[in-house]
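I opened the model to look up a few local features. My notes follow in the order in which I made them.

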Amino acid sequence: MSISIQQISTPIYHYDTALLRRTLDTLLAASGKYPNYQVHYAIKANANPALLDIIQQAGLGIDCVSGGELRCALDAGFSASSIVFAGVGKSDWEIRLALENEILCLNVESLAELCVIQEIAVQMNRVARVCLRINPDVQAHTHTHIVTGRAEDKFGIDWQDVMPVIEQAQEMPNIDLKGLHFHIGSQITDMQDFVDLCHRINLIQEYLSTTDFCPEIINVGGGLGIDYYQPSTNPIPDFEAYFAVFAEHLQLREGQSLHFELGRAIVAQCGSLITRVLYVKPAADKQFVIVDAGMTELIRPALYGAYHHIDNLTSQQQEKCMYDVVGPICESSDVFAADRLLPLTQRGDILAIRSAGAYGESMASCYNCRRLPQAILDQHPLLKILN
Ligand code: LLP
């Protein structure tokens, strides 16, 4: 017996697993054209076990940035040899965990970190495979909070300072220097940013050709953006065009493999945050739609002023009205949408806040002593309109 959509307990994340599978198929068809390309899923985007299962079965590796994410990836069945581990502040226990499990490589963000890894590797009688994360000083055109590759950002080793670090790494007996890692930011839709990254990597490789170090791994990170404005008509990013940028502009040397760490582009569009309208409240010059989800379930609008498309799944009204859609959290930034044209909305309506599959559930919090919401997969026929 099918339940009415009104019986769905909200707020709740809904994941369209068919779309996730289609996205993975498209991704792998595009990357598969290049035998030396390997994709690691950036697990920070969403670590829901049901999604991880599908991603693991598709054969992707993992990019993680904490011991917790590393454990989560191992628990989900990803092989250690497919896992890379970045992060500007790795604790000793996290480095130990990585070495114990013999992951593919640690992406090392400073000389100080490299020295600690060498020390811990000696204690454990292991050899640590590492890539050096380089700050390429390339500007990505995205929200300033998610730009990571400018000189002033905290990530990586300044590209102009990398030579002495390489020399020291080569002298450390328990360090096996595998390659170079980059990540310039997230939600990047201007392919020119990736072209600029390629040019910078080419320049660095040119310098390196005068040394005896030839990286086996070049890792260009993640960052491919999605279409938040048209999630239904444009649900799958143009992976072909993305990989073609690297094929065209990056000059790889003999034997080098190219690694990617995509998060958002894989999972964002398969997820919606389903929420119920509690009240419609008129104010001086606007109307508030107050819903039962808040910045606790999807912080992106509050944190980055991010746009998320909103569908009213239950309203039959033709008439449209301008609303501010807000949550119940005691913060004025708890706003999902300002001045948004939606069908006439009333108490009890069910809304879908779209493109919430990436950095929704994984950034949820219990602020205001709220409970973390559950997730459902492809359950209710009415939710099919999201597919
Ligand atoms: N690799 C590294 C080293 C990263 O730091 C990140 C994201 C990725 C890969 C994956 O990036 P993606 O392909 O998902 O763009 N909370 C923000 C996004 C923060 C991204 C942090 N690092 C948001 O909701 O927009």
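I began at P11, which lies in the segment before β1 (12-15). Strands here are DSSP runs of E with at least two residues, helices are runs of H or I with at least four, and both are numbered from the N terminus. The peptide bond from T10 to P11 is cis, and I noted an omega near -5°.

Before going on I noted the conditions. This is a predicted model, so local features need pLDDT of at least 70 and side-chain atom pairs count only at pLDDT 80 or more, while totals for chains, interfaces and linings use all residues. Residues are numbered from 1 along each chain as its sequence is written, and side-chain values use heavy atoms, with hydrogens and water left out.

**Positive phi**

Most residues other than glycine have a negative phi, and most peptide bonds are trans. E102 is not a glycine, yet its phi is positive at about 55°. I found E102 in the loop between α4 (92-100) and β5 (105-108). S355, also not a glycine, has a positive phi of about 55°. The loop that holds S355 runs between β16 (350-353) and β17 (375-377).

Are these residues buried or exposed? E102 has 46% relative accessibility and therefore counts as partly exposed. S355 is at 0%, so S355 counts as buried. The cut-offs are under 20% relative accessible area for buried and over 50% for exposed, with partly exposed in between (1.4 Å probe, protein chains only).

**N48**

I then went to N48, in the loop between β2 (37-42) and α2 (49-58). N48 counts as buried because its relative accessibility is 8%. Leaving aside neighbours within four places in sequence, I listed Y15, E361 and A375 in contact with N48 (heavy atoms within 4.5 Å). The side chains of N48 and E361 are joined by a polar contact of 3.3 Å. Such a contact is a pair of N or O atoms within 3.5 Å; within protein, one must be able to donate a hydrogen and the other to accept it, and residues adjacent in sequence count only if both atoms are side-chain atoms.

**α1 and α8**

Last, I checked helix α1 (residues 17-31) against helix α8 (residues 239-249): their axes come within 9 Å and cross at roughly 30°. That makes α1 roughly parallel to α8 (angles under 35 degrees; over 145 is roughly antiparallel, 65 to 115 roughly perpendicular, the rest oblique). Axes are lines fitted to C-alpha atoms, for helices over the stretch in contact, with angles from 0 to 180 degrees between N-to-C directions. On the α1 side the contact is made by T23, T26, L27, A30 and S31, and on the α8 side by F239, E240 and F243.
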